[in-house]
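Hello,

Here is the structure I said I would pass on. Please open it first, then read my notes below.

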Number of protein chains: 2
Amino acid sequence: MGSLHPPRRFLFGPGPTQIEPRVYEAMSKPMVGYLDPFFFQVNEEVRTGLQQVFGTKNDLTLAISGTGSAGMEAAVSNFVDPGTKLLVFSAGYFAERIAEMGRRHGANLVRAEKPWGEVFTEAEAREAIEREKPQLVAFVHAETSTGALQPPRWITKPAHEAGALVIADCVTSLGATPIRVDESGIDMAFSCTQKGLSCPPGLAPFTVSPRAEERLRARKMANPVWYLDLKLLMEYYGSMRRYHHTAPVSNFYALREGLAAILEEGVEQRFDRHARMHRDFVRRIEAMGLKMHVTDPALRLPNLNTVRVPEGVDDQQVRRTLMAEHDIEIGAGFGPLAGKIFRIGVMGPLATPQGLDLFFGAFERSLAVAGASAARM
Amino acid sequence: MGSLHPPRRFLFGPGPTQIEPRVYEAMSKPMVGYLDPFFFQVNEEVRTGLQQVFGTKNDLTLAISGTGSAGMEAAVSNFVDPGTKLLVFSAGYFAERIAEMGRRHGANLVRAEKPWGEVFTEAEAREAIEREKPQLVAFVHAETSTGALQPPRWITKPAHEAGALVIADCVTSLGATPIRVDESGIDMAFSCTQKGLSCPPGLAPFTVSPRAEERLRARKMANPVWYLDLKLLMEYYGSMRRYHHTAPVSNFYALREGLAAILEEGVEQRFDRHARMHRDFVRRIEAMGLKMHVTDPALRLPNLNTVRVPEGVDDQQVRRTLMAEHDIEIGAGFGPLAGKIFRIGVMGPLATPQGLDLFFGAFERSLAVAGASAARM
């Protein structure tokens with residue numbers, strides 16, 4: 001097969017995003033066993049770091065051995081019994097995925113829907129919750145398919161008043177923008193490692209509130225998914241250290257190192273940096289005469305920008321030019337937004353003035369190429 | 001948190017096992033997106049390499065984004081409907097895990113049992129299959145908890161005659177000893193990356209026979225586990241490239257590099273090397289007056305040796321001395337074999353005369369320390 005020579009990309013897409021050399025180095029450090037005391041030390045550092053980026057004191061905070069979608073599956077499979085009434089607030093692709101998982105696990109599923117790119121107001125959430133009386137509510141904090149940021153309290157407040165537990169998909173927000181799980185009243189949150197945490201994909205950060213942990217411990221039915229059974233995972237990672245599966249040790253090393261880098265920068269400083277770069281990004285986009293897809297600036301995800309594709313421009317051609325001539329990856333729109341938006345991640349090591357200069361130089365040129373070829377047609 | 005400084009262990013346990021520098025290096029190569037053409041090229045190389053170590057032409061051969069246990073969960077969840085009659089041949093811990101997963105997915109579960117360390121003869125398998133008439137049969141090719149190797153044909157022949165499909169757990173055999181999936185008549189096999197393939201944990205090699213693929217395509221019920229739904233994974237990895245989840249790219253790089261190293265050595269040459277080192281291992285164990293747990297030499301796993309703990313020796317003390325004074329990890333027995341066996345992996349870069357010398361020097365010394373302290377009591 002010869003040697004492995006990956007191209008060097010600048011990852012301005014929704015993820016995986018750019019990774020710092022120290023994280024790559026961590027992955028290449030010597031393997032230890034899954035019951036080695038050193039592994040449990042790394043695991044404790046991972047747990048502590050995750051508590052800080054999640055903004056939680058939840059004891060049940062861990063990294064699940066799979067990608068962000070495995071985190072979503074863990075949230076659904078550990079808390080949905082057949083017949084559990086689950087209300088999903090849906091304004092994008094990932095909310096629909098939660099709904100689909102709920103359906104497969106036998107939930108009595110109801111959905112509240114809004115157009116892709118919008119969020120639910122507290123009044124809208126309250127109305128749906130009072131009407132449906134769900135036991136479990138799910139929403140997407142950072143909808144990767146639309147670039148919208150759902151304020152958690154608008155969902156959790158009416159949900160808790162109605163006695164429901166709340167799942168939040170934080171796949172794209174964790175590490176780049178505040179979640180503040182405890183203040184927000186989120187009961188179960190899951191995420192991934194390859195977006196705001198600037199690590200390779202392969203683990204799903206996960207946190208469970210004491211109230212949800214109680215519900216979990218009282219659950220009579222065994223999780224149909226043995227691999228993602230939180231009760232068994234608690235026995236493995238807890239003081240019992242009872243073997244469950246072989247943790248992906250190198251991915252834990254990488255996540256530990258990525259979290260260490262975040263703590264060195266300072267969690268709040270990192271959030272501020274992403275917010276600042278987001279404001280600069282929007283300013284430069286608007287100066288080009290382009291429009292952001294999410295209209296309310298307060299409801300935009302700071303680290304994943306969705307930009308409307310200008311009239312008459314072929315978005316595929318722009319992405320192709322960016323990739324072929326600048327080694328820059330950005331994301332396409334999909335579902336109802338296919339061809340209508342670019343999804344541009346500005347995260348981690350690329351969320352700097354230099355990162356923005358690099359991006360805009362290439363983006364302006366690629367748009368000009370696409371515009372010129374549109375004019376020729 | 002400071003820098004990450006893992007201890008350097010010699011991994012003579014059941015896995016994770018020793019990793020070659022080139023595999024570590026592969027993991028630290030630049031990340032690309034999950035839809036990048038380079039990723040799909042790597043994925044094709046992984047698929048081709050896996051076909052060779054599995055010994056199969058199965059088109060549906062892939063790496064699942066989770067550890068070996070996720071592979072087991074994929075096998076069960078994609079082929080067990082509620083009420084499916086599943087017969088598990090159980091003579092160890094991992095067979096019991098398949099049974100437990102089957103139970104959770106609603107199988108009509110029956111088990112054939114033998115003591116830990118034995119395997120089923122063709123007559124025994126036939127008798128159970130004719131009695132139970134299962135739709136699905138599962139067995140463990142390489143039982144990590146006992147060191148026994150179940151000849152696949154003894155199970156698949158009577159199973160196929162009765163019209164059942166056969167799942168084989170190949171977690172500990174893949175890459176170190178022949179499986180020959182096609183000749184053996186195995187319909188679904190799953191494995192891991194951190195044992196015979198000498199890679200870090202995090203992916204589950206998986207292969208499905210054309211007959212089982214047909215059964216899968218005809219399945220009416222959606223897999224309750226969205227994350228492990230093979231139909232969706234086929235759309236992602238196939239020509240459609242329809243987004244499912246974000247593949248753990250660095251783990252794919254590592255697996256690709258581990259497979260490249262195996263193909264360079266030659267798959268059959270690698271199997272022969274493990275068989276030779278196993279014979280040397282047994283000769284040296286017996287020369288020490290110790291006994292192998294699996295009595296029939298033909299039914300021993302060549303890469304995971306189970307050795308009886310000598311009378312009066314505290315196995316924990318031996319393992320503690322090996323780790324503390326020699327940085328050597330070996331595995332303990334568990335379940336009915338707790339305290340009764342050592343599980344000693346001789347795989348990959350350590351399956352060499354030098355690896356054996358290193359191991360036996362430390363093992364003899366650690367046993368002597370434990371023996372002396374037993375004599376003092």
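**Two helices in chain A**

The helices α3(A) and α4(A) cross in a right-handed sense. Keep in mind that this is a predicted model. The residues on the α3(A) side of the contact are A:Met72, A:Glu73 and A:Val76. On the α4(A) side they are A:Arg97, A:Ile98, A:Met101 and A:Gly102. By class, this contact has four nonpolar, one polar and two charged residues.

Now the geometry. The axes of α3(A) and α4(A) are 10 Å apart, and the packing angle is about 45 degrees. That angle makes α3(A) oblique to α4(A).

**Where the chains meet**

How many residues does each chain give to the contact? Chain A gives 59 residues, and chain B gives 59 residues. On the side of chain A that touches chain B, five helices are listed as giving two or more residues: α1 (21–27), α2 (37–54), α3 (68–79), α4 (93–104) and α10 (249–265). Both helices of the crossing above, α3 and α4, are in that list. The largest share comes from α10(A), with eight residues. By class, this side of chain A has 31 nonpolar, 16 polar and 12 charged residues.

Do the copies meet through the same surface or through different ones? They meet through the same surface, because 100% of the interface residues of chain A are also interface residues in chain B.

**How the copies are related**

**One residue to look at**

Last, find A:Ala324. This residue lies in helix α12 of chain A, which covers residues 315–326. Is A:Ala324 buried or exposed? A:Ala324 is exposed, because 10 other C-beta atoms lie within 10 Å, and a residue counts as exposed with 12 or fewer. A:Ala159 is 165 residues away from A:Ala324 along the chain. The C-alpha atoms of these two residues are separated by 48 Å.

Best wishes

Methods: Residues are numbered from 1 along each chain as its sequence is written. Chains are lettered from A and ligands numbered from 1 in the order in which they are written. This is a predicted model: local features need pLDDT of at least 70, side-chain atom pairs count only at pLDDT 80 or more; totals for chains, interfaces and linings use all residues. Two residues are in contact if their C-beta atoms, placed from the backbone, lie within 7 Å. Helices (H or I, at least four residues) and strands (E, at least two) are DSSP runs, numbered from the N terminus. Ala, Val, Leu, Ile, Met, Phe, Trp, Tyr, Cys and Pro count as nonpolar, Asp, Glu, Lys and Arg as charged, and the others, Gly among them, as polar. Axes are lines fitted to C-alpha atoms, for helices over the stretch in contact, and angles run from 0 to 180 degrees between N-to-C directions. Angles under 35 degrees count as roughly parallel, over 145 as roughly antiparallel, 65 to 115 as roughly perpendicular and the rest as oblique. A crossing is left-handed if the near helix is turned anticlockwise from the far one by less than a right angle, and right-handed if clockwise. A residue is buried if 20 or more other C-beta atoms lie within 10 Å of its own, exposed if 12 or fewer, and partly exposed in between; C-beta atoms are placed from the backbone.
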